[in-house]
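Reader: I'd like to learn how to read aromatic contacts in a model. Could you walk me through them?

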Amino acid sequence: MSSGRPRVTSRSTIAEAATELFLERGFAETTIAAITQRAGVSRSSFFNYFSSKSAVLWAALDDGIRRAVDALRAGAAPTAALRAAVCDIEADSLALAIIHGAVMGLSDELADERAIRTGVLSRAVSDNLVAAGASRLEADVHAAALSAAVFAAVWAWAASEAPRPALGGLVERALSAAGASQ
């Protein structure tokens, strides 16, 4: 890195550098030091944006999940909150990781992290439904189906041939298949 004023960076610059390295070297062999060097940023800059190298892949979706959980806790309709969770997702590092998971050595990591995030969404939806009067059993089952539907849509979208279909349309189809009411 050069001395003087650091170049302007953003989360997307770091994510792009990380994704390139994951493709070149694999996830396990890519260090945070290598990511920061490729992005031209300091280690502290990396951690200003991401808590770990795995978080690089999930950042955009995690932002959406946080918004959805907050909306659900505030009483939003579950399907509206779930739609909003993925409305800003673009062809980013997560989509590339889904497509190239085997090459990047990420297949198990992606499955584990998907399960965790599906659980987070499911619990928030279930709590919302219980607060609206559903039994815990019915709420848990419906919430699990809706949350799994959202992730199935994201995976189908990422794996789609170019040009990708609109994610919103896939989410609508998946929520419908999971028994969501409008």
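Reader: Which helix holds Phe-151 and Trp-155, and how many residues apart are they?

Author: Some ground rules come before that: this is a predicted model, where local features need pLDDT of at least 70, side-chain atom pairs count only at pLDDT 80 or more, and totals for chains, interfaces and linings use all residues. Residues are numbered from 1 along each chain as its sequence is written, and side-chain values use heavy atoms, with hydrogens and water left out. Helices (H or I, at least four residues) are DSSP runs, numbered from the N terminus. Here both Phe-151 and Trp-155 belong to helix H9 (residues 136-159), 4 residues apart, about one turn of the helix.

Reader: How many aromatic pairs does a search of the whole structure find?

Author: Rings of Phe, Tyr and Trp (its six-membered ring) pair if their centres lie within 6.5 Å; planes under 30 degrees apart are stacked, over 60 edge-to-face, and the rest tilted. The search finds 6. One of them, Phe-46 with Phe-47, is edge-to-face, at 5.1 Å centre to centre and 80° between the planes.

Reader: Is Phe-46 buried or exposed?

Author: Buried means under 20% relative accessible area, exposed over 50%, and partly exposed in between (1.4 Å probe, protein chains only). Phe-46 is at 0%, so it is buried, while Phe-47, at 35%, is partly exposed.

Reader: What lies over the face of Trp-155?

Author: A charge sits over a ring if NZ of Lys or CZ of Arg is within 6 Å of the ring centre and within 35 degrees of the ring normal. For Trp-155 that is Arg-114, 4.5 Å from the ring centre.

Methods. Helix = DSSP H or I, 4+ residues; strand = E, 2+ residues; numbered from the N terminus.
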